[in-house]
Structures are given as C-alpha cells and as structure tokens.
Amino acid sequence: MEVEIEKLDYHYYLPLFFDGLCEMTFPCEFFARQGIHDMLEHGGNKILPVIPQLIIPIKNALSLRNRQVLCITLKVLQHLVLSADMVGEALVPYYRQLLPIFNIFKNMNGELS
C-alpha cells in the first residue's frame with residue numbers, strides 16, 4: 001500500500017527517520033537520510049510540532065563523535081531549519097542540549113574518527 005508523504009503521521013515517522021542518523025552502514029543510513037529529506041521537503045506545517053521529538057535523536061547522532069555522522073546531521077539540521085517557518089526559532093530552547101556537543105567538535109581540530 002502506498003501513501004503520499006503528506007499524509008504520513010509525522011509524529012511517528014519523522015523521529016523514526018531521525019533515529020536513523022546514527023546508522024553508518026548502507027542501505028540503512030541511505031534510507032534514513034532519504035526519508036528525512038523527503039519528509040522535510042513535503043511536510044510544511046506538520047514539521048514544527050514534531051521538533052521536540054527530534055532533539056534526542058539529533059543528540060544521539062552527535063554523541064557518536066563520528067565525522068561522517070556529524071556532517072550528515074549538520075546537513076539535516078540545515079534542511080530542517082529551511083523546511084518550514086519558525087523551525088529555527090523552535091530549536092532555540094534546545095541550544096543548551098545541542099551546542100555543547102558542537103563545541104566538542106569545534107575543539108577537536110581533525111581528531112575525529
């Protein structure tokens with residue numbers, strides 16, 4: 001059975017795909033990234049209410065301290081912020097959880113795996 005992306009339950013599927021940011025093996029990592037980008041592309045006003053559910057999967061991905069996962073997560077965050085109005089503002093309360101992890105990466109200067 002096929003369902004249009006716009007009709008999917010974003011509260012269920014988007015965090016599920018964000019959990020896949022931790023995946024590093026093909027095809028799992030590909031499906032996670034593609035699912036995220038497809039849902040962000042078509043989600044519109046369904047994205048903003050799901051932001052709180054995305055923070056833990058984002059933190060988990062960043063906590064792996066893997067260069068590839070970091071780069072993918074940064075690209076996903078960029079797409080997330082551009083995907084709908086007010087998403088960037090909705091992330092502000094979570095900066096205290098996310099920014100320390102970015103500070104660790106900033107200070108590593110190429111020492112990542």
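Contact here means heavy atoms within 4.5 Å. Helices (H or I, at least four residues) and strands (E, at least two) are DSSP runs, numbered from the N terminus.

This is a predicted model, in which local features need pLDDT of at least 70, side-chain atom pairs count only at pLDDT 80 or more, and totals for chains, interfaces and linings use all residues. Residues are numbered from 1 along each chain as its sequence is written, and side-chain values use heavy atoms, with hydrogens and water left out.

**Exercise 1. Describe how α1 packs on α2 and on α3.**

Task: give the angle, orientation, handedness and contact residues for α1 with α2 and for α1 with α3.

Solution. 
- Set up the geometry: axes are lines fitted to C-alpha atoms, for helices over the stretch in contact, and angles run from 0 to 180 degrees between N-to-C directions. Angles under 35 degrees count as roughly parallel, over 145 as roughly antiparallel, 65 to 115 as roughly perpendicular and the rest as oblique.
- Apply this to the α1 and α2 pair: helix α1 (residues 10–19) meets helix α2 (residues 28–43) at about 140 degrees, with the axes 8 Å apart. The two are therefore oblique to each other.
- α1 and α2 cross in the left-handed sense.
- Read off the residues: α1 brings Tyr10, Tyr13, Leu14, Phe17 and Phe18, while α2 brings Phe31, Ala32, Gly35, Ile36, Met39, Leu40, His42 and Gly43.
- Sort them by class: Ala, Val, Leu, Ile, Met, Phe, Trp, Tyr, Cys and Pro count as nonpolar, Asp, Glu, Lys and Arg as charged, and the others, Gly among them, as polar. The contact of α1 with α2 then has 10 nonpolar, three polar and no charged residues.
- Turn to α3: α1 and α3 pack at about 15 degrees, with their axes 8 Å apart. α1 is therefore roughly parallel to α3, and the crossing of α1 and α3 is right-handed.
- Name the partners: His11, Leu14, Pro15, Phe18 and Asp19 of α1 meet Gln53, Leu54, Pro57 and Ile58 of α3. By class, the contact of α1 with α3 has six nonpolar, two polar and one charged residues.

**Exercise 2. Repeat the analysis for α3 and α4.**

Task: find the orientation of α3 and α4 and the make-up of their contact.

Solution. 
- The angle between helix α3 (residues 51–63) and helix α4 (residues 67–83) is about 160 degrees, and their axes are 9 Å apart.
- α3 and α4 are therefore roughly antiparallel, and their crossing is left-handed.
- From α3 come Ile51, Leu54, Ile58, Ala61 and Leu62, and from α4 come Val69, Leu70, Thr73, Leu77 and Leu80.
- The contact of α3 with α4 holds nine nonpolar residues, one polar and no charged.

**Exercise 3. Check the cysteines and the backbone.**

Task: how many disulfides does the structure hold, and which backbone values are noted for Pro27, Arg65 and Met86?

Solution. 
- A disulfide is a pair of cysteine sulfur atoms within 2.5 Å. The structure holds zero disulfides.
- The sulfur of Cys22 lies 12 Å from the closest cysteine sulfur, in Cys28, too far for a bond.
- Cys22 is partly exposed at 26%, as is Cys28 at 38%.
- For the backbone, recall that most residues other than glycine have a negative phi, and most peptide bonds are trans.
- The peptide bond from Phe26 to Pro27 is cis, with omega near 5 degrees, and Pro27 is in the loop between α1 and α2.
- Arg65, in the loop between α3 and α4, has a positive phi near 55 degrees.
- Met86, in the loop between α4 and α5, has a positive phi of about 75 degrees.

How values were computed:
Left-handed = near helix turned anticlockwise from the far one by under 90°. Buried < 20%, exposed > 50% of the residue type's maximum accessible area, 1.4 Å probe, protein only.
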